[in-house]
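Dear colleague,

Here is the structure I promised to hand over, with my notes following it. Please read the notes with the structure open beside them.

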Amino acid sequence: MHLEYNVEGGDFTRAGYASSQIKKTLKQLNVDATVIKRVVVALYEAEVNIVAHAYRGVIYADINGAGIQLRLADEGPGIADVDMAMKRGFSTASREVREMGFGAGMGLPNISENADNFSIDTIVGKGTTLNIEIKF
Amino acid sequence: MLVKEVVEKLNLKVFSSKEGLDREVKGGYTSDLLSDVMGYSKEGQIWITLQTHKNIMAIATLKDLAAVILVKGFEPEADTLETANSEGIPVLGSDLEAFELSGILFNMLK
């Protein structure tokens, strides 16, 4: 099964929509509840990252019997220092974003902890693509 | 313990989702950082926070939390209530601070 969702940068009113849709789909497919919980955490963080940091992005989800492959490709500023970005507590989020309780520097570590495979491809000034795999 | 029993004992305001008051409370989580709650709260917990915007309902829904309690007299924004009603997750309110509320709830649930 292949699913796609567009995400607009800056639109926090819709943040989490794609995560919620994919959660529903996984429930309908009777995927194990603990696996769904891991997908939800990783995917929501990645979705919010597009809203908080990028101009726009697309979430591609491929689901088969073995697991779910998520690709989140955004047009945005890119990540200058991926090692720093992976550190818990490091964030480049704006003050507005932090006041909402986002931007605590927990997103990428949360994704990493919940994914079986996780990679970041980024080009400064162009954008970032996250690949997240979670096995069933 | 059910959400409605917590509401009675703590004298909480019910802002939304009366139908969710029969949800079971399995614990609590106190934090204003959304990624913290996303990463570490557990299904069935009551979330204590001062954040009032709509994204708290996205988290509460995705994590299957029992209810959200807003502290210090904070009130939810209008679109927070809309989402809460459509998802059936109660948004509650207290005049207490997070520290006091967490302490009382902890003792009630232990």
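In chain B, residues 24 or more positions apart account for 50% of the contacts with a separation of 6 or more, where a contact means heavy atoms within 4.5 Å. Please keep in mind that this is a predicted model, in which local features need pLDDT of at least 70 and side-chain atom pairs count only at pLDDT 80 or more, while totals for chains, interfaces and linings use all residues. Residues are numbered from 1 along each chain as its sequence is written, chains are lettered from A and ligands numbered from 1 in the order in which they are written, and side-chain values use heavy atoms, with hydrogens and water left out.

Chain B has five helices and five strands, which are DSSP runs numbered from the N terminus (helices H or I with at least four residues, strands E with at least two), and along the sequence they follow the pattern α-β-β-α-β-α-β-α-β-α. Because a compact globule of 110 residues would have a radius of gyration near 13 Å, the 12 Å of chain B agrees with that description; the radius is taken over C-alpha atoms, and the globule rule is 2.2 Å times the number of residues to the power 0.38. The C-alpha atoms of chain B fill a box of roughly 30 × 25 × 25 Å along the principal axes. Of the 110 residues in chain B, 53% are buried, a word that here means under 20% relative accessible area, with exposed meaning over 50% and partly exposed in between (1.4 Å probe, protein chains only).

Two residues of chain B deserve a careful look at the backbone. Most residues other than glycine have a negative phi. Ser17(B), however, has a positive phi near 60°, and its place is in the loop between β1 (13–16) and β2 (27–30) of chain B; Ser17(B) counts as buried because its relative accessibility is 2%. Asp64(B) also has a positive phi, near 55°, and lies in the loop between α3 (55–62) and β4 (67–70) of chain B, but with 23% relative accessibility Asp64(B) counts as partly exposed.

In chain A, strands β4 (residues 117–123) and β5 (residues 127–135) run antiparallel and are joined by seven bridges, where pairing requires that DSSP finds at least two bridges between two strands. Ile120(A) stands opposite Leu130(A) in β5(A), and in the hairpin of β4(A) and β5(A), with three residues between the strands, Gly125(A) takes a positive phi near 90°.
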